[in-house]
Amino acid sequence: FRRLAGPKGTTSTLGYLPIAPSQGIDIDLSVRPIKQAMLTAFPVDYARRPRLATARELLDVTIHISNDLKNFDAPFLVQHGSLDRITDPNLSKCLYQESKSNDKTLRLYDGMFHSLLCGEFDENIDLVFKDSIDWILERTKTKKQ
């Protein structure tokens with residue numbers, strides 16, 4: 001795989017090709033049916049398979065994050081839909097549990113899918129934005145005092 005994609009930070013000729021082994025992201029798994037028509041009409045929707053070099057970089061960064069998670073101590077907020085079938089919510093739980101950060105928040109949204117900011121009902125999107133903004137504002141107040 002790495003020989004075909006080329007060394008890290010570079011791209012071989014094959015690395016440019018959209019041939020990474022992937023079924024692609026099924027919009028049915030990530031977006032509520034009511035939002036699917038809007039999202040599939042979006043002009044920058046990338047519907048092809050990932051490029052081989054992109055797959056390599058995603059694999060490398062995933063390995064790096066996994067190996068270094070125990071040292072991560074910055075404040076963070078994780079927001080994840082409980083019905084996400086693209087990315088397992090248990091991975092967000094692992095991030096939360098394994099990080100040594102003293103300021104971390106995990107929000108699992110019951111009944112929500114993968115695409116929290118555009119594939120959900122409007123009231124769900126509003127809730128996710130509200131939680132994000134509130135989380136930031138709480139830390140801003142702490143810094144000012």
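**Questions on the chain**

User: Of the 145 residues of the chain, what share counts as buried?
Analyst: A residue is buried under 20% relative accessible area, exposed over 50% and partly exposed in between, with a 1.4 Å probe and protein chains only. The model is a predicted one, in which local features need pLDDT of at least 70 and side-chain atom pairs count only at pLDDT 80 or more, while totals for chains, interfaces and linings use all residues. Residues are numbered from 1 along each chain as its sequence is written, and side-chain values use heavy atoms, with hydrogens and water left out. Of the 145 residues, the buried share is 27%.

User: Which element of the chain has the highest mean pLDDT?
Analyst: The predictor's confidence in each residue, pLDDT, runs from 0 to 100; the chain averages 81, and 71% of the residues score at least 70. Helices (H or I, at least four residues) and strands (E, at least two) are DSSP runs numbered from the N terminus. Helix 2, residues 27–30, has the lowest mean at 67. The highest mean, 97, belongs to residues 104–109, which form strand 2.

User: What pattern does the chain follow when read along the sequence?
Analyst: The chain has six helices and two strands. In sequence order these elements give α-α-α-α-β-α-β-α.

User: How many bridges join strand 1 to strand 2?
Analyst: Two strands pair if DSSP finds at least two bridges between them. Strand 1 covers residues 76–81 and runs parallel to strand 2. Across the pair, V78 stands opposite L106, and G81 has Y109 as its bridge partner. The number of bridges joining the two strands is six.

User: Is S92 buried or exposed?
Analyst: S92 is found in helix 5. Leaving out residues up to four places away in sequence, S92 touches V78, H80 and L106 (contact: heavy atoms within 4.5 Å). Because its relative accessibility is 10%, S92 counts as buried.

User: What is the relative accessible area of L108?
Analyst: L108 is found in strand 2, and its C-alpha atom is separated by 6.0 Å from that of Q79, 29 residues apart along the chain. Beyond four places in sequence, L108 is in contact with H80, P89 and K93. L108 is partly exposed, because its relative accessible area is 36%.

User: With which side chain does the side chain of R32 make a polar contact?
Analyst: R32 is found in the loop between helix 2 and helix 3 (33–40) and counts as buried at 13% relative accessibility. Leaving aside neighbours within four places in sequence, its contacts are G111, M112, F113, G119, E120, F121 and N124. A polar contact is a pair of N or O atoms within 3.5 Å; within protein, one must be able to donate a hydrogen and the other to accept it, and residues adjacent in sequence count only if both atoms are side-chain atoms. At 2.7 Å, the partner of the R32 side chain is the side chain of E120.

User: Which residues is N124 in contact with, leaving aside its neighbours within four places in sequence?
Analyst: N124 is found in helix 6, residues 122–144. It counts as buried because its relative accessibility is 17%. Its contacts beyond four places in sequence are R32 and M112.

User: How far apart in space are R32 and H114, C-alpha to C-alpha?
Analyst: H114 has its place in the loop between strand 2 and helix 6 and counts as partly exposed at 30% relative accessibility. The side chain of H114 makes a polar contact of 2.9 Å with the side chain of D84, and R85 is 6.9 Å from H114, C-alpha to C-alpha. R32 and H114 are 82 residues apart in sequence, and their distance in space, C-alpha to C-alpha, is 9.4 Å.

User: Among contacts between residues at least 6 apart in sequence, what share joins residues at least 24 apart?
Analyst: R32 and N124 illustrate contact across the sequence, as R32 is in contact with N124. For the chain, the share of such contacts joining residues at least 24 apart is 75%.
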